[in-house]
Amino acid sequence: MPVRFRLRPAVPGDGTFLADMVVEAANWHAGAPRPRHEIVSDPHHGRYLAGWQRPSDTGVVALDSQDSPIGAAWHRMLPRTEPGFGYVGTGVPELIIGVRPIWRAHGVGRALLQELVRQAQAEGFTRLSLSVQRGNYAAVLYRSEGFVVVEAGNGRDTMVKRLR
Ligand SMILES: CC(C)(COP(=O)(O)OP(=O)(O)OC[C@H]1O[C@@H](n2cnc3c(N)ncnc32)[C@H](O)[C@@H]1OP(=O)(O)O)[C@@H](O)C(=O)NCCC(=O)NCCS
């Protein structure tokens with residue numbers, strides 16, 4: 001039976017759910033999970049969330065049939081002075097994505113990613129970047145959607161998709 005979900009634009013009230021997704025992204029590996037409060041208060045993770053939703057933030061939220069959020073993807077522009085893990089340059093927003101564990105491997109992540117790319121294109125951006133830790137199968141999804149590794153760091157890869 002096909003799995004049913006729908007997408008809607010992210011809104012200012014989604015901040016708490018997006019924080020859940022940052023926690024999922026930080027705890028993607030099988031090891032002991034870091035506590036939520038520790039991740040959200042860590043500036044390297046918290047800067048993807050602070051002050052959500054800023055005028056330049058764009059996001060997509062996936063909802064189940066009860067309209068409960070099950071996943072989200074968004075992009076945020078971070079400055080050179082406080083860069084994200086996937087910072088590549090001024091004017092290139094960085095993508096963050098997460099799907100609730102029980103909803104994974106049902107096509108939600110790909111649908112979110114494709115919709116966010118479509119929106120970033122419509123907004124006129126020429127590139128979208130992200131950072132993924134080596135070993136995270138999310139990289140397979142990113143490659144299949146046209147992201148390429150532009151920098152290999154310490155256990156992490158920075159990937160970029162050209163939008164035009
Ligand atoms: C990465 C993530 C967002 C993908 O969302 P998803 O809904 O599971 O992804 P999809 O079902 O759309 O699958 C997309 C592709 O991911 C890969 N994939 C998904 N589940 C997988 C699994 N269990 N093992 C290996 N590859 C898998 C496959 O390449 C798949 O493509 P295919 O279905 O054509 O084979 C989600 O798994 C997640 O939230 N992970 C934890 C948070 C995280 O790591 N975020 C990214 C940080 S960089």
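Before we click anything, here is the rule for names: helices (H or I, at least four residues) and strands (E, at least two) are DSSP runs, numbered from the N terminus. Also keep in mind that this is a predicted model.

Stop 1: Select the ligand and the 21 residues around it; Val99, Gly107, Gly109, Arg110 and Asn136 come nearest. Which helix gives the largest share of this shell? Colour H5 to see: four of the shell residues come from it. H5 covers 138-144, and at least two shell residues each also come from helix H1 (15-26), strand E4 (94-99), helix H4 (108-122) and strand E5 (127-133).

Stop 2: Zoom in on the oxygen atoms of the ligand. Show the backbone of Gly109, where a polar atom is 2.7 Å from a ligand oxygen. Go on to Arg110: here a polar backbone atom and an oxygen of the ligand are 2.8 Å apart. Then show the side chain of Arg104, which has a polar atom 3.3 Å from a ligand oxygen. How much of the ligand does the protein cover? On its own the ligand has 920 Å² of accessible area, and the protein covers 73% of that.

Stop 3: The space it takes is the largest pocket, which holds about 840 Å³ of space. Select the 34 residues that line this pocket, and look for Ile97, Gly98, Asn136, Ala138 and Tyr142, the closest to its centre. Which element gives the most to the lining? Highlight E4, which supplies six residues. H1, H4, E5 and H5 are contributors as well, with at least two residues each. By class, the lining has 21 nonpolar, eight polar and five charged residues.

Stop 4: Most residues other than glycine have a negative phi, and most peptide bonds are trans. With that in mind, select Trp52 and Gln53: the peptide bond that joins them is cis, with omega about 15°. Gln53 sits in the loop between helix H3 (43-46) and strand E2 (58-63). Next, jump to Asp67, in the loop between E2 and strand E3 (69-76). Asp67 is not a glycine, yet its phi is positive, at about 65°.

Definitions and conventions:
Residues numbered from 1 in each chain as written. Predicted model: local features only at pLDDT ≥ 70, side-chain atom pairs only at ≥ 80, totals over all residues. Heavy atoms only, no water. Near = heavy atom within 4 Å. Polar contact = N/O pair within 3.5 Å; in protein donor to acceptor, adjacent residues only side chain to side chain. Areas by Shrake-Rupley, 256 points an atom, 1.4 Å probe, with all protein chains shown as cover. 1 Å grid on protein atoms, 1.4 Å probe; cavity = no way out; pocket = protein on both sides within 12 Å on 5 of 7 lines; lining within 4 Å. Sits in = over half its atoms within 2 Å of the grid points. Points joined across faces, edges and corners; volume = space filled by probe spheres on them. Nonpolar A, V, L, I, M, F, W, Y, C, P; charged D, E, K, R; others polar.
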